[in-house]
Amino acid sequence: MNPSATSPREAIDTLRHLEDLSGQTRALLRSFWFPLVLFGVLTLLSAPVALVGEGVAVAVYWAVAGTAGGAAVGWYYHHREERLGVSRSGVPCIATGVALLVAAFALPAMTSGRLQEVVSAFAVAGAYLIFAWLDRSAVLAVLSAALAVVPAVALASSLEHPGPVVAVVTGLAILVTGIVARRAEQQGR
Amino acid sequence: MTSVGDHPLQRLDDVVHQRVRLGILAVLGKADRAEFTYLRKTLDLTDGNLSRHLGVLEQAGYVEIHKAFEDRKPRTWVHATRSGRAALAAEVAALRELLADHV
C-alpha cells in the first residue's frame with residue numbers, strides 16, 4: 001500500500017481485513033467453559049458445607065476451594081495459550097478473582113441473618129459481570145444477571161436458611177452455562 | 001472538512017501502512033503476545049516474509065521479539081509495544097477519517 005495513493009476502496013478493504021484478524025484472535029482466546037464447569041462444581045459442593053456447617057465452615061471451604069480453583073484455572077489458561085501460540089494478559093481476571101475472594105469474605109462479616117448467608121452470591125454475580133465485560137461476552141452477562149436474581153429471590157422467599165439453596169441453584173447455573181459453552185466451542189472449531 | 005495540510009493520508013505511517021505489518025499489529029492488538037508460528041499461519045505467510053516484516057516493526061520499536069526454548073523447542077514470541085499499539089490505533093483512525101471525508 002502506498003500511503004499517498006490510498007483510495008477509499010482500499011481503506012475499506014484494509015479496515016475489514018484488520019477487523020477479521022482481530023475477531024479471529026479474540027474468538028480463539030475466548031474460552032471460559034473450564035472455569036465455569038470447575039466453579040459450578042465447587043459451588044455445588046459448597047451446598048452441603050453450608051447446610052451442616054456454620055458460616056466459618058463455608059469461609060474455610062472457599063478459602064481452600066477458591067484458591068485451588070483459581071490456581072487450576074491459571075494452569076489451564078497457561079497451557080491452552082502455550083498450545084495455541086497466542087496469549088493475553090491474565091492480570092484483569094486475576095485481579096477480579098482476588099477482589100471476589102476478598103468481597104466474599106468481607107461482605108458476610110458486615111451483614112447478619114439471612115442476608116449474611118447469600119450476600120456473597122451478589123459478589124459472585126458482580127464478578128461475572130466484570131468477566132463478561134473483559135470477554136465482551138453476552139453469555140456471561142446473562143449469567144451474571146441470573147446469578148444476581150438467585151439470592152434476591154431467595155431473600156424475598158420465606159426460606160429460613162437460603163444459603164444452601166442459593167449455592168445449589170448458583171452452582172447449577174454456572175455448571176450448565178459451562179457445559180453449553182464447551183459444546184459451543186467444540187462446534188465452533 | 002479536513003484542510004489540505006491535515007489530510008488523513010499525510011498521517012499514515014509508512015512502517016505501519018502495509019497490509020502484513022498492519023495484520024501483525026491487529027493480531028497483537030487483541031493478544032498480549034503471539035508466537036511466530038501462529039502469526040505465520042494466521043497471516044498466511046512464509047517464514048522469511050514474516051521475519052522481514054517483524055524486523056521492520058522491531059526496528060521501528062513497534063514490537064518486541066523474545067526467543068526462548070520451551071520443552072527443548074525453540075519458540076519466538078512477539079509482543080506489541082505501547083508505541084506499536086498507538087501506531088495501529090492512529091492508522092485505523094486515519095483510515096476511518098479518510099472514509100468519512102469521502103462520504
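The model is predicted, so local features need pLDDT of at least 70 and side-chain atom pairs count only at pLDDT 80 or more, while totals for chains, interfaces and linings use all residues. Residues are numbered from 1 along each chain as its sequence is written, chains are lettered from A and ligands numbered from 1 in the order in which they are written, and side-chain values use heavy atoms, with hydrogens and water left out.

**Chain B and the sheet**

Chain B holds four helices and three strands, in the order α-β-α-α-β-β-α from the N terminus. Helices (H or I, at least four residues) and strands (E, at least two) are DSSP runs, numbered from the N terminus. Of the 103 residues of chain B, 44% count as buried; buried means under 20% relative accessible area, exposed over 50% and partly exposed in between, with a 1.4 Å probe and protein chains only.

An open sheet of four strands takes the order 1(A)-1(B)-3(B)-2(B), with antiparallel pairing. Strand 1 (86-87) of chain A and strand 2 of chain B stand at the edges with a single partner strand each, so one side of each is left without a neighbour in the sheet. Two strands pair if DSSP finds at least two bridges between them. In general, strands of a sheet pair through backbone hydrogen bonds, either parallel or antiparallel.

The pairings are listed below.

| Strands | Bridges | Direction |
|---|---|---|
| strand 1 of chain A, strand 1 of chain B | two bridges | antiparallel |
| strand 1 (residues 33-35) of chain B, strand 3 (residues 73-80) of chain B | two bridges | antiparallel |
| strand 2 (residues 63-70) of chain B, strand 3 of chain B | eight bridges | antiparallel |

Across the chain boundary, A:Val86 stands opposite B:Ala34 in strand 1 of chain B. Within chain B, B:Glu35 faces B:Trp77 in strand 3, and B:Glu64 faces B:His79 in strand 3. Strands 2 and 3 of chain B form a hairpin with two residues between them, and B:Asp71 in the turn has a positive phi of about 55°.

**Aromatic contacts**

Over all chains, the search finds six aromatic pairs. Rings of Phe, Tyr and Trp (its six-membered ring) pair if their centres lie within 6.5 Å; planes under 30 degrees apart count as stacked, over 60 as edge-to-face and the rest as tilted. The rings of A:Phe34 and A:Tyr76 are stacked, because their centres are 4.4 Å apart and their planes are at 20°. This pair links distant parts of the chain, with A:Phe34 in helix 2 (residues 33-52) and A:Tyr76 in helix 3 (residues 55-84) of chain A, 42 residues apart. A:Tyr76 is buried, at a relative accessible area of 14%.

A:Tyr61 and A:Trp62 have ring centres 5.2 Å apart and planes at 80°, so that pair is edge-to-face. A:Tyr61 is buried, with a relative accessible area of 17%. Ring pairs also link A:Trp33, A:Phe34, A:Tyr76 and A:Tyr77 into a cluster.

A:Arg182 lies over the face of A:Trp33, at 4.4 Å from the ring centre. The charged end of A:Arg136 sits over the ring of A:Trp133, 4.9 Å from its centre. A charge sits over a ring if NZ of Lys or CZ of Arg is within 6 Å of the ring centre and within 35 degrees of the ring normal.
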